[in-house]
Amino acid sequence: MSDKGYSTGGKKWLIIIGGVAFVAVLVVIILMAIPPNTYNAVQMLYRTTDSSFLVKDSESIAYKKYTDKVNKNPWVNVYTTETSDIELLAEVVYEDLDFYADYLTFADNNKNLKKNYKVIKNNLSDVAEHKENLLALINEANGLDDNSETYMRSMIIKIRAEFIEWLKSNSKAMEGLRNACVGSLGQTSENHLAFQIITSAMEDALNVIIEDYETLANLDNVNAVTGVYSYDITSKIVYYRGLSEKYILSPDDIKNYYFNNALVEKYDLIYKFYEVYNEENFKNVIASVRSIGGGQYAFDKVYENVNDELGVYDAVKAFLNGGN
């Protein structure tokens with residue numbers, strides 16, 4: 001009798017344990033099936049942009065102190081332009097990241113948003129982390145009296161390295177945001193080719209700048225010989241600034257696309273570039289940008305043996321030159 005009772009009790013426990021395990025698996029499946037909450041993504045984006053690097057007055061004041069320290073030190077004031085450009089570039093990145101907030105608000109909770117949600121979340125989190133690291137380095141530079149060439153140059157290089165990581169995280173977050181918006185805006189008036197091409201071009205311009213910074217960092221490191229430093233990224237940052245002003249801060253092409261046949265034809269022609277020139281993006285063209293004065297730019301990239309009877313490349317260069 002006792003053996004029989006033990007056997008029955010054991011079966012009951014097995015059934016209970018099996019039931020709990022089934023419920024646990026079911027909960028996991030349900031959670032995995034629930035699409036990410038658009039509200040959470042938008043709020044995360046708002047928090048990141050509102051606290052973006054150098055947005056707060058206290059951060060700008062600290063960075064001004066740092067740049068003044070660099071400028072006044074005869075051993076390292078060769079870095080004056082670079083330290084100034086960081087502030088300008090941070091401002092443009094903030095504006096471009098903030099651009100997505102309004103569009104993400106109208107995104108559908110679909111599979112596409114779910115697919116990109118992790119990319120957005122993880123990289124926005126990295127943006128915040130790199131920003132805090134930057135502030136810590138800047139405060140460290142400001143808090144010490146040692147203005148020797150070795151110390152200041154080492155701090156400049158460390159700040160640049162962290163800034164590059166901040167830029168890369170922003171770029172990856174914006175790529176996720178672009179993909180999320182393009183595939184989740186449904187029937188909204190912004191879901192069209194102009195939105196896709198403009199946001200893609202902005203990413204390309206930023207990634208070209210990041211690659212230039214990485215090249216600079218490889219050449220100008222703590223082990224490199226002093227006196228060989230050469231910085232020439234300013235023109236591309238200014239170009240990126242102008243591209244943002246034309247298409248992001250004043251998004252007339254995005255807003256008017258469906259109401260203007262000329263815009264539809266314009267972006268249809270630009271879109272053919274990817275196929276005609278066998279390119280995935282505009283990076284090779286943007287990397288060749290050259291200022292010709294008056295806010296105008298030329299692009300020195302040359303393609304050989306391409307049949308372009310429609311003038312696709314001319315349309316792309318006109319677009320990248322702000323429509324001029």
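Mentor: A salt bridge here is a side-chain nitrogen of Lys or Arg within 4 Å of a carboxyl oxygen of Asp or Glu, and by this rule the count comes to 17 salt bridges. This is a predicted model, in which local features need pLDDT of at least 70 and side-chain atom pairs count only at pLDDT 80 or more, while totals for chains, interfaces and linings use all residues. Residues are numbered from 1 along each chain as its sequence is written, and side-chain values use heavy atoms, with hydrogens and water left out.

Trainee: What makes Glu 59 and Lys 131 a salt bridge?

Mentor: Their closest N and O atoms are 2.8 Å apart, and the rule asks for a distance within 4 Å, so the pair qualifies. Glu 59 lies in helix α3 (residues 57–72) and Lys 131 in helix α5 (residues 111–143), so the pair ties together parts that are 72 residues apart in sequence.

Trainee: Why is Glu 59 called buried, and what is Glu 132 called?

Mentor: Buried means under 20% relative accessible area, exposed over 50%, and partly exposed in between, with a 1.4 Å probe and protein chains only. Glu 59 has 7%, so Glu 59 is buried, whereas Glu 132, at 46%, is partly exposed.

Trainee: Why is α4 called roughly parallel to α8?

Mentor: Helix α4 (residues 80–105) and helix α8 (residues 234–247) pack at an angle of about 25°, with their axes 10 Å apart. Angles under 35 degrees count as roughly parallel, over 145 as roughly antiparallel, 65 to 115 as roughly perpendicular and the rest as oblique, and therefore α4 is roughly parallel to α8.

Key: Axes fitted to C-alpha atoms, helices over the stretch in contact; angles between N-to-C directions. Helix = DSSP H or I, 4+ residues; strand = E, 2+ residues; numbered from the N terminus.
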